[in-house]
Amino acid sequence: MQSYSTTYSRRDFLKNSALIGGGLFLGFDLLGAGKFNAAVANPALEGAFDFNAYLSINSDGTATIFSPNPEVGQGVKTSFPMTVAEELDFDWTKVKVVQAPLDTIKFDRQVAGGSYSTPHSWMRLRQAGATARRMLMEAAANRWGVDTHTLTTDNGVVRHPNGKQATYGELAADAAQLTPPTDVPLKDRKDFKIIGTFVRGVDNHEIITGKPLFGMDFYREGMLHAMVQHPPAFGLQLKSFDSAAAKAMPGIVDVVSFKNNVAVVGRSTWEVMKAREVLKAEYEPAAALESSADHDRIFKELMAKGEAQTRRKDGDTAAAFAAAAKIVEAEYQCPFLSHAPMEPMNFFADVRPDKVELIGPTQVPASTRTQVAKLLDIPEEKITVEMTRMGGGFGRRLRPDFALEAAEISSIIKAPVKVIWTREDDMTGGIYRPAARYRFRAALDKAGNITGYELRGVGINTGNPVREHNFPAGAVPNVLIESVEHSSPITTGPWRAPITNFLAGAEQTFLDEVAEAAGKDPVTMRLELFRQAKPPLNNEGRPTYDPERFIKTIELAAEKSGWFKKRKKGVSLGFSIYYSHLSYVAQVAEVVKRKGKFTLQKVYCAVDCGIVVNMSGALNQVVGSVVDGLGHAMYGQITFKNGEPEQKNFNTYRLIRIHEIPEVEVYFVDNGIDPTGLGEPALPPLSGAVANAFYKAMGKRFRHQPFVNEADGLMEGVL
């Protein structure tokens, strides 16, 4: 088990914000000096000998390792090459990392989403490095006339017991001519030299010095710029527009319409922005213009009598509740949220008769290519996609609508164009975390055991607002889980840890209420449940969670937070644990009372994500999730009036401030299991731990986000 503590100063916050999954760092050069062209940004490839899709060895003794997946702040651009370099047995200081373009033949699953990049690629990356190492050893064996098995490697050097040695660079040309072996041994974990250490992100220097990396930085000589006027409210459609004034503005090349939009195209972003302001467009209703008051009414109606889909039914909950000694019931609700990445949406497209070039920040390059091919009715083989680093995603860039706009505009005006959305464009016309409402019920027997559990979830454009195979399914004999869906013209999509980002906190808060009704300690009650659990099987026939890993993670969090020890007066703890994206995260929030006000002072995190590849990246992922989860639980909400979002920028869409960030202690369970996801799992349980801690301190349950609306001005630190 390894532990780390983080107390944030302003400097620390800025430093870590550039690294964590939150992606809070704005990386483009406001003076315009830092523009780049992704197509010519790979000088490291010159003079290299290819060994496989993932790496090349250079004759100068350096290695070029490709990172195939999009980098959105989750750290794969560093951790993937680390894994290859480990099995290659190479000197990390001599590794050059290159972002690979989309190539679904060489690579698979070039996606940033679902916290699944590392679990998916772990063995592939190791095999790539081990294969190259074996080829270099065979080249040395051929050169020296010795048996390959007598050779060893260390930091990019092949050695023989007789004293002969050669660097990888010296052997690269010969090795590259050999046939790659099909079966190579992998390192024993005890021999790891790179994996599990603290390695700085390969883009850190460029980020903190403002060098061009992001889509906003991309520039191509001769390209045009475009901004799109979208309908101002969800449910409206374009009726007509007058472009005369916009076309008369300096630098404007054209004004074109497509689907429900109007695009202004010009020589510079500023000129396009100013011209869009004088564009006159009329809209008319095409669907319901919903307000937040409508959503509250819809939630209540559907919760009471909406037609539900049964997602899971174990045993007989009706009988369990009829025989219960005590029944606990509560409802929880979350609002719509904006993804609000620091880097606004942008994309470059050059549509020509013979090929299409796409460059920009997307979490789904392959899907982007497929959708553009369908849009333009051309073969995918004619489309190339290059990925820039993303200044935050959180799921927003899983939907490439901005890239499709760039491709469509380029095809209309027959010129290369870069589309840029403003912050207001994305916050008022992008996609949102769906709003949802949950009703939990638990039946208790006389001993305080949970004999029945019911969950009814109502969501707006959620698809399925519940996770029916998750705990406590398998730990309670009688379970009924239902879902009800409302279809809305408001566009929604995955937001960090989809659905569970609120469901987990609501469930864990409810379990706190159940423990109180049962007269049990909340941690003790959870341990009892997991010790009797028989996990349900998923659709692939595998258990959905491991009770033993749950138990060990709970015990670690309880130990490090001193859960069962007597606390100082004025200090209150709240517990939460959740399993998502194949990882287990337990959190204990610590609230202190000072002069009648309550402050979230510290969060303890116990994490079981298997082997940690990059300790620096892993720590930043967990801390980033705590910061992101806390801020959105406290303040985040998008409200609507007649279909129009009322929050349009950061002055009204409140994010967490630097001084509100608590100290965070992180402990990793060291069990040697292959790595599992870490980009998202530390976010879902956070709001439950915080709500439970404030309840202990204040005696008030937070059941509706944002919590700031329920705090009655009694919170300080997190205000």
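**View 1. Phe440 and the residues around it.** Leaving aside anything up to four places away in sequence, Phe440 touches Val328, Glu329, Ala330, Tyr332, Tyr453, Glu454, Leu455, Leu503, Ala506, Glu507 and Phe510. Keep in mind that this is a predicted model. Some of those neighbours turn up again in an aromatic cluster: Phe440 belongs to one made up of Tyr332, Tyr438, Phe440, Tyr453, Phe502 and Phe510.

**View 2. Tyr432 and Phe640, an edge-to-face pair.** The model holds 26 aromatic pairs. Here is one of them: the ring centres of Tyr432 and Phe640 are 5.7 Å apart and the planes sit at 85°, so this pair counts as edge-to-face. It links distant parts of the chain, with Tyr432 in strand S21 (residues 432-433) and Phe640 in strand S28 (residues 640-641), 208 residues apart. Are the two partners buried or exposed? Tyr432 is buried, at 0% relative accessibility, and Phe640 is buried too, at 2%.

**View 3. Phe471 and Tyr545, a pair between two loops.** Phe471 lies in the loop between strand S23 (450-460) and strand S24 (478-486), while Tyr545 lies in the loop between helix H14 (522-531) and helix H15 (547-561), so the pair ties together parts that are 74 residues apart in sequence. Both Phe471 and Tyr545 are buried.

**View 4. Two arginines over aromatic rings.** In one spot, Arg441 lies over the face of Phe321, 4.2 Å from the ring centre. In another, Arg567 has its charged end over the ring of Trp563, at 5.8 Å from the centre of that ring.

**View 5. A seven-stranded open sheet.** Follow the sheet across and the strand order reads S11-S12-S9-S20-S17-S18-S19, with mixed pairing. Strand S11 (252-258) and strand S19 (383-387) are the edge strands, each pairing on one side only. From one strand to the next, the twist averages 20°. Helix H7 (residues 269-277) packs on this sheet and touches strand S9 (224-229), S11, S12 and strand S20 (417-420), with its direction at about 25° to that of S9. Helix H10 (residues 365-376) packs on the sheet as well, touching strand S17 (346-351), strand S18 (356-360) and S19, and its direction makes about 145° with that of S19.

View 6. Strand S11 and strand S12 (residues 261-266) run antiparallel and are joined by six bridges. Val255 has Val264 in S12 as its bridge partner, and Val256 stands opposite Ala263 in S12. In general, side chains in a regular strand alternate between the two faces of the sheet. Two residues lie between the strands of this hairpin, and Lys259 takes a positive phi near 50°.

Conventions:
Residues numbered from 1 in each chain as written. Predicted model: local features only at pLDDT ≥ 70, side-chain atom pairs only at ≥ 80, totals over all residues. Heavy atoms only, no water. Pairing = 2+ DSSP bridges. Helix = DSSP H or I, 4+ residues; strand = E, 2+ residues; numbered from the N terminus. Axes fitted to C-alpha atoms, helices over the stretch in contact; angles between N-to-C directions. Contact = heavy atoms within 4.5 Å. Phe/Tyr/Trp six-rings, centres within 6.5 Å; stacked < 30°, edge-to-face > 60°. Buried < 20%, exposed > 50% of the residue type's maximum accessible area, 1.4 Å probe, protein only. Lys NZ or Arg CZ within 6 Å of the ring centre and 35° of its normal.
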